[in-house]
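Visitor: I'd like a close look at a single part of this assembly. Could you take me through one chain and what it touches, and then show me whatever else is worth a glance?

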Amino acid sequence: MKHRLLVGLSLLAAVGMSACSSSGSDGASGEGGRTVLDVWLMRDSVSAAFQKEFEKGFEKDRPDIDVRVQIQEWDGIGEKVTAALASNDAPDVIETGNTQVAQFAQSGGLLDLSDKVSDLRGASWLKGLAEPGAWQGKQYGIPYYAANRVVVYRKDLFAKAGIDASDITTRKRWIEATRRLDNGGRQGIYLPGQNWYTLAGFVWDEGGDLAAESGGTWHGTLDTPGALRAMAFYKKLQALGDGPKDSDEANPPQAEVMAKEQVAQIISTPGGANVVVQNNPALEGKLGFFPVPGKSEGTPGAVFTGGSDLVIPLVSRHHDAAYAFVKELTGDAWQRKLALAMSYVPNRTTLAPAVAGDPGASAMAVGAARGHATPNTPGWAAVEAKNPIKDYMTAVLTGKDPADEAAKASAALTRAMKSGT
Amino acid sequence: MSVVRERPARRPLVPSPRRPPGPARRPTMSGVWPYLLIAPAVLGMLYLLVYPLARAVLISLQDFGLRQLILGDAHFVGFANYRTLLGDPRFWTVVRRTFLFMAVNVVLIMTLSTLVALMIERLGRRWRTAVLSALVLTWAMPVVAATTVFQWLFHSRFGIVNHTLTGLGFTSFEDYPWLAHGSAAFAILVALVVWQSVPFAAITLYSALTTVPSELYEAARLDGASAFRVLRSVTLPLVRPLFMLVLSLEVIWTFRAFVQIWVMTRGGPGDATTILPVYAVQTALAQQRYDLGSAASMLTVLLMSGVLVLYFRQMFRQEAEL
Amino acid sequence: MSTTVSARRALRRLPLHLAAGVTVLVCLFPVYWMISTAFTPNRDIQSAHPRIVPRTWTLDHFRRAVDADGFGLFWRNSLLVTLGAVLLALAVALGASFAVARMRWRGRRQFMLAVFLAQMAPWESLIIPVYIISRDTGMLDRLPTLTLVYFMMTLPFTVVVLRGFLSTIPPELEESARLDGCTRLSAFRHVALPLLAPGLMATSLFGYITAWNEFAYANFLIIKQQDHRTLPVWLSSFHNIFGTDWGATMAASTLFSLPALVVFLLLQRHVTSGFAAGAVKG
């Protein structure tokens, strides 16, 4: 027994010691001397059809490159990218959330692409993608696509209540319309208590912010008068439906709630409408979009610009090929196709007309003009890891004193951002 | 089973006389053989546990974040990380909460599982199989699925608990957000951990009960002992070593409960359900302060050993008698 | 047992059976909820009017779970890693527990104490050192790395339990076999090993549950080789930006726990006696 064990152990060890090369992961070169380029994209960030089309097109232009796209899961992605950046054999291009670039850039694991900005015509990039992609004046993340929240509404319920969605251009009218929609078994709006991106938009509308920097340190600013007004508005809106006060839009997925209950509106990216229809095909064609209303006519509501940047790990062995890939995918031709295929906002303002025909994307583009990002500090990642804003929202919605809770939440934000830097 | 019969648990503290040498128990094959036999285990533990542990200790003495993981330029900072932790009032609240969490869980687990074990022993065959199967099913349910289900049960709007309570006329529970209240969230997590832990403990304790020879019960009954007295003077002493082992394992396991809390509340609301492992992961993986996370884990191990040190001493002494 | 009229006896045992019934109910309710959710159409999951028995049933979730990318590969990997870890742990633990249970040697107590201490290992913080060591030895992205980690996670428990099993088997049995001309090794193999089967089963199930469920290491150590990912990663693939496909997750969880359930139920008796034996000597 013992001998077999020892043999087994040493075999295992031997396997470990042997060279770390194995077919696919060895980045050196594929068949016929082609460079194998490993690319990580997130689940659902591109459709399978688009991915195939792009790979084919790109490899036709660059026959020397063999692109291998791997789809990554959202769960544990932060740790996964960390592990990749610290490894000796990282993927060559990684898609990463725009707000996450700063922490990876700060760590020194990303290739500085500042000298490529003019080649990529960076001047017309969406600010909400380009700014978080930069860290201390250097550009690490290249804007890939953006998406922001709009109001997804049920045309049939609006018609029944005699409301024209195109009239809803101010917060005041929005509340009035929602109140009229909210009766009987019908919910005016399904707004879960912890949809903090939506709250952030209201805060920016009021001229406030989630956090501010002074003297080199970041501190939470949820207790400023503007931010408090935003929370009050959120509370008013949230009450016009049966959204749970203690969970966010993913739990349960709000699109599924809209699919099964009489919900007149949700606040979601336009892609959420597809999920609604998937779950309830009877709603096909009955969903419309309008931008989140602002405080006054002519100013749409501020929104959080979500989306992704592409980054190149420093340890990638094919910086040139990786850059060629990034340039192609973020170039105008493919951006137009991507935006249409996925209902995204393209990565530069000049491309906005590309999606004019798509109701969801065009509603989104209105908001995108007033897009904001979360505070650009590596410490923000620590905030999102255990978000005190969510606790704060639930506390206020369940009747606690807003000023007290805001002060507490701001202190928690300050602490989290400090510990993360 | 014979073990229990031969060697009642409560051994005298005076070293017992060695068993006379004979076929029954002969110390055999000494020399190099035992060392060869434990070599794989020892080597495995050295390389796969002690070595990483040593590296973790080193990390806890360095300035080690994401940057150092990627670029590898960590430098030694002595006990600065430990000083940061020990000087953080939040850390101490977390430590107190961890002990509370552990104590409440362990007391509940041990009480309930002892009761369940005693119950199973008294059941007829069919009922016994039913209860044991139910326990086993519970035990095998994936942690993430179990946690999610508990989360649903207590969901403010879609949970069946609020639905039922409201239906029964407790209207104050309509949309009651359990997980938004620190103590309620804490209680739900305790319920979850107890629910998941009782099967192992109960099954183990029950199997220990089955090893108690029935002659002992009969003898006690002949002496006119009451049921309670039989339990106290016959049953409990015999299952004590096992009880202690389960107890110490549960101390370790509840001290290290992590997945349930992380999935359900991430340590919130506020810090209400943050115990040490959650704190360590929050600092290590989420904030990428691997140094602080490591230091927190080392302190956790120390605290845990503190709780179990008595048990270790007893175990060490018992081993000497074999 | 005293002799009483059976009705009176049933009445007397009523509280006991009530307690048993409550235990079964409390244990099974969440399990039932998982399984029934796996069969419930999406629109009835987490609805505002939760129902104990689903209105309609569907197999869609199972279909979706099984159709997920790389389903077969993930099963293969999990199986390989789990089996590897469990077998390795069994083999290593068998040797060690034999030495502890059957032999006298200096350092035995210290060894057992070390094994017990090993149960306290803070695995959540060892992930970074394990990562660094694997990286520096070229072991990232490889299934054997995961196997070794899971092996170490289960080894201490396996040693403690197996050692207890061994001590319940009277050494006389082996000795008589040796009188018949067997070597010490073959006496052990032919006499003690068959008797140990339930113990081996009990411990392998513990190892199985540990290795089968582990996510953090699988996520952190398998980086570029998509083909080397394991089942828990598959479970996480039902999350997307719009939330989680809970029906598919619960279907996956049900499938996921099936092997454990079946083996447990088959071996229930042995498992039961096994832990007792292991623990008595702990």
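Guide: Let's start with residues 132-154 of chain B, where the chain is 87% helix and 0% strand in this predicted model. You can compare residues 292-312 of chain B, a span that is 100% helix and 0% strand, with its end C-alpha atoms 28 Å apart.

Now look at what chain B touches. On the chain C side, 77 residues of chain C are in contact with 87 residues of chain B. Several helices of chain C give two or more residues to this surface, among them helix 1 (6-39), helix 3 (71-102), helix 6 (143-168) and helix 8 (184-213). The largest share, 16 residues, belongs to helix 11 of chain C. Sorted by class, the chain C side holds 53 nonpolar, 16 polar and eight charged residues.

Turn next to chain A. Here the contact involves 26 residues from chain B and 25 residues from chain A. On the chain B side, two or more residues come from each of helix 2 (33-60), helix 3 (66-71) and helix 13 (276-286). Helix 3 of chain B provides the largest share, with five residues. By class, this side of chain B has 14 nonpolar, seven polar and five charged residues.

Three strands of chain A form an open sheet in the order 10-7-11, with antiparallel pairing. Strand 10 (265-268) and strand 11 (287-290) of chain A are at the edges and have a single partner strand each, so one side of each has no neighbour in the sheet. From one strand to the next, the twist averages 30 degrees. To see the pairing in detail, follow strand 7 (residues 150-154) of chain A, which pairs with strand 10 of chain A in the antiparallel sense over four bridges. Val150(A), for instance, has Ser268(A) in strand 10 of chain A as its bridge partner. In general, strands of a sheet pair through backbone hydrogen bonds, in either a parallel or an antiparallel way. Finally, find helix 14 (residues 359-368) of chain A, which lies across strand 7 and strand 11 of chain A and runs at about 20 degrees to strand 11.

Note on methods:
Residues numbered from 1 in each chain as written. Chains lettered and ligands numbered in written order. Predicted model: local features only at pLDDT ≥ 70, side-chain atom pairs only at ≥ 80, totals over all residues. Contact = placed C-beta atoms within 7 Å. Nonpolar A, V, L, I, M, F, W, Y, C, P; charged D, E, K, R; others polar. Pairing = 2+ DSSP bridges. Axes fitted to C-alpha atoms, helices over the stretch in contact; angles between N-to-C directions.
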